[in-house]
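Me: I'd like to go through the salt bridges and the surface of this one. Can you take my questions as they come?

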Amino acid sequence: AERKHKEEQFQKQQDEEIALKEELSNLNDSDYVEKIARDDYYLSNKGEVIFKLPSDKQSDKSKSTDDDR
């Protein structure tokens, strides 16, 4: 029983490590960082104006689930 518990803990740690490595890889990707800055923090390039419409929330959620695949 203890061995099974340790194996489950090990598997969880491996999954967490994989997720962290993917996140690190994404953070080193300038396109990903730019997307996060635009979507979450409403940052823009010089001369750009960003408009967020109420219907954008729903379309953003559906886009993010499609992008994650």
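Me: How accessible is arginine 38?
Reply: Arginine 38 has a relative accessible area of 23%, which means that it counts as partly exposed (buried is under 20%, exposed over 50%, partly exposed in between, with a 1.4 Å probe and protein chains only). This is a predicted model, in which local features need pLDDT of at least 70 and side-chain atom pairs count only at pLDDT 80 or more, while totals for chains, interfaces and linings use all residues. Residues are numbered from 1 along each chain as its sequence is written, and side-chain values use heavy atoms, with hydrogens and water left out.

Me: Which residue does arginine 38 form a salt bridge with, and how far apart are the closest N and O atoms?
Reply: Arginine 38 forms one with glutamate 48, and the closest N and O atoms are 3.0 Å apart. A salt bridge here is a side-chain nitrogen of Lys or Arg within 4 Å of a carboxyl oxygen of Asp or Glu.

Me: Where do the two lie?
Reply: Arginine 38 is in helix α2 and glutamate 48 in the loop between α2 and α3 (54-67), so the pair, ten residues apart, links distant parts of the chain. Helices are DSSP runs (H or I, at least four residues), numbered from the N terminus.

Me: What about glutamate 17?
Reply: Glutamate 17 forms a salt bridge with lysine 21, at 3.2 Å between the closest N and O atoms. Both are in helix α1, four residues apart. Lysine 21 is exposed at 53%, whereas glutamate 17 is partly exposed at 42%.

Me: Change of topic. Which residues make the nonpolar surface patch?
Reply: Leu27, Tyr32 and Val33 make a patch of about 250 Å². Patch residues have over 30% relative accessible area and no salt bridge; like charges are joined within 9 Å, nonpolar side chains (Val, Leu, Ile, Met, Phe, Trp, Tyr) within 5 Å. Areas come from the Shrake-Rupley method with a 1.4 Å probe, and for residues only the protein chains shown count as cover.

Me: Where is valine 33?
Reply: Valine 33 is in helix α2 (residues 30-41), and is partly exposed at 38%.
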